[in-house]
Amino acid sequence: MTSSTTASAGASDGIESPYAWARLVVSLLLMTIGGSGMYSATVVLPQIQAEFDISRSEASLPYTLTMIGFGLGSMLMGRLSDRFGVLVTIVLGTLGISAGFIWAGSAESLWQYSLAQFLLIGMLGSASTMTPLVADTSQWFTRRRGIALAVCMSGNYVAGAFWPPIMQHFIDSAGWRPTYIGIGVFCLITMLPLALTYRRRPPAQPAGMPPATQKRRQAPFMIEASRSNPAQPLGLSPGTLQALLATAGVACCVAMAMPQVHIVAYCGDLGFGAARGAEMLALMLGLGIVSRLVSGWISDRIGGLRTLLLGSVLQGVALLLFLPSNGLVSLYVVSALFGLFQGGIVPAYALVVREYFAPQESGSRVGVILTATLLGMALGGWMSGAIFDLTGSYRAAFMNGIAWNLLNVSIISFLLLRARRPGKWAVVGSDPTRGLTP
């Protein structure tokens with residue numbers, strides 16, 4: 001009787017149990033709330049420029065520092081979560097993001113506002129609701145791990161769809177400072193109760209449980225990936241391949257940052273008002289959720305590199321479409337297309353790492369490459385503002401984004417060409433039961 005009761009309890013709160021799915025929903029909520037810090041500096045960019053009487057590039061600096069803090073904090077919070085558990089990082093992040101919004105809303109100078117965005121909102125706050133939650137989710141799912149991670153990682157895009165119009169509404173009615181302080185209080189009273197969900201440690205993985213990917217029939221592209229020698233992936237050293245992927249990550253996200261960071265200010269310059277720009281940003285990021293889920297489905301069939309190339313080419317097309325678009329309707333349409341095209345790019349990098357690097361190295365290598373993408377967002381946000389200051393318009397900034405996107409496409413095309421010759425990089429002595437050359 002006792003053993004039966006224990007088994008029943010384990011089934012109700014173990015791997016892929018109702019509790020695991022409930023925990024995933026809480027992770028999605030926390031990532032959505034914590035993601036407010038990623039978009040706040042974008043929405044208030046025009047107000048910051050006017051408040052402190054600064055240039056557009058200087059007004060873009062807080063966003064750049066937020067993304068740098070996010071990248072550094074993701075690695076820090078990941079380590080703290082491994083050592084002390086995800087509950088500790090969520091509580092620390094909640095206190096950080098709440099204090100950061102309140103401090104930023106009371107800042108008397110640009111450097112105070114920027115420091116609050118970098119240290120408290122980016123490094124401690126938003127970062128605590130990304131890497132630790134993704135790592136935690138991966139431990140509660142096996143067969144459905146892919147869709148669970150896709151749902152969890154969609155949280156930052158849900159935040160992008162939810163927060164900009166909400167922030168803009170309160171900025172217009174009450175001002176940016178009360179809006180910031182109000183968000184800080186909201187984060188405190190909502191995130192702390194949700195953090196109690198993580199008091200339970202992840203369950204131990206059952207011994208001998210095969211990963212979900214081993215239960216599926218391998219597609220032809222997976223044979224190509226599996227034949228790549230982890231000691232010399234695609235005929236390159238692991239460090240070289242990681243450097244190429246990191247460079248591609250910076251390049252694609254410099255391009256990605258141009259519309260995401262400056263669409264609100266761009267609409268204001270065109271005379272449509274900041275509220276329309278906030279709506280376009282929300283549309284862009286909301287459709288990014290759809291893109292992220294669909295791209296995950298596509299990558300299971302064509303592989304990480306092909307998905308990465310597809311998303312990058314389509315992102316370049318959307319950037320080109322921004323150039324002739326200066327009407328309200330056309331900007332809404334192109335913003336929607338941009339969201340649909342670019343949402344699956346960053347997750348594809350993680351899949352490429354899993355395909356071509358040794359499994360025991362995947363965590364650290366994914367961390368490095370995702371940090372590179374965040375640095376690309378930071379660089380792109382500042383660079384677009386600087387180009388605007390030099391030229392007086394965003395046309396050259398869009399052209400700059402297209403050039404960086406071409407660099408990304410070139411790198412991924414080079415890697416994909418090498419992937420099409422798997423036999424040359426095959427591992428000697430591969431398992432013949434997997435259909436590989438011995």
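Trainee: What classes of residue make up the lining of the second largest cavity?
Mentor: The lining has 4 nonpolar, 4 polar and no charged residues. Here Ala, Val, Leu, Ile, Met, Phe, Trp, Tyr, Cys and Pro count as nonpolar, Asp, Glu, Lys and Arg as charged, and the others, Gly among them, as polar. Keep in mind that this is a predicted model: local features need pLDDT of at least 70, side-chain atom pairs count only at pLDDT 80 or more, and totals for chains, interfaces and linings use all residues. Residues are numbered from 1 along each chain as its sequence is written, and side-chain values use heavy atoms, with hydrogens and water left out.

Trainee: Which residues line the second largest cavity?
Mentor: Met31, Gly35, Met38, Phe70, Ser126, Thr129, Met130 and Asn156. The volume of this cavity is about 30 Å³.

Trainee: How many cavities of 30 Å³ or more are there?
Mentor: The count is 2. On a 1 Å grid over the protein atoms alone, a cavity is a set of points where a 1.4 Å probe fits but cannot get out; a pocket is an open set with protein on both sides within 12 Å along at least five of seven lines; lining residues have an atom within 4 Å of a point. Grid points are joined across faces, edges and corners, and a volume is the space filled by probe spheres set on the points.

Trainee: And the second largest pocket, what volume does it have?
Mentor: About 210 Å³. It is lined by 16 residues, and the closest to its centre are Ser81, Gly85, Val86, Arg201 and Pro202. By class, that lining has 7 nonpolar, 3 polar and 6 charged residues.

Trainee: Which helices each supply at least two residues of that pocket's lining?
Mentor: Helix H5 (56-84), helix H6 (86-105) and H8. Helices (H or I, at least four residues) and strands (E, at least two) are DSSP runs, numbered from the N terminus.

Trainee: Switching to charges. How many salt bridges are there?
Mentor: There are 3, a salt bridge being a side-chain nitrogen of Lys or Arg within 4 Å of a carboxyl oxygen of Asp or Glu. Arg23 pairs with Asp136, with the closest N and O atoms 2.9 Å apart. Arg23 lies in helix H2 (residues 18-34) and Asp136 in helix H8 (residues 131-138), so this pair ties together parts 113 residues apart in sequence.

Trainee: Are Arg23 and Asp136 buried or exposed?
Mentor: Both are buried. Buried means under 20% relative accessible area, exposed over 50%, partly exposed in between (1.4 Å probe, protein chains only).

Trainee: Which residue does Arg177 bridge to?
Mentor: Glu51, with the closest N and O atoms 2.9 Å apart. Arg177 is in helix H11 (residues 176-195) and Glu51 in helix H4 (residues 45-52), so the pair ties together parts 126 residues apart in sequence. Arg177 is partly exposed at 22% relative accessibility, and Glu51 is partly exposed at 41%.

Trainee: What about Arg276?
Mentor: Arg276 bridges to Glu279, the closest N and O atoms being 2.7 Å apart. They are 3 residues apart in helix H14 (residues 274-302), about one helical turn.

Trainee: Last topic, helix H3. Why is it largely enclosed by the rest of the structure?
Mentor: Because 8 of the 8 residues of H3 (residues 36-43) are buried. Among them are Met38, Tyr39 and Ala41.
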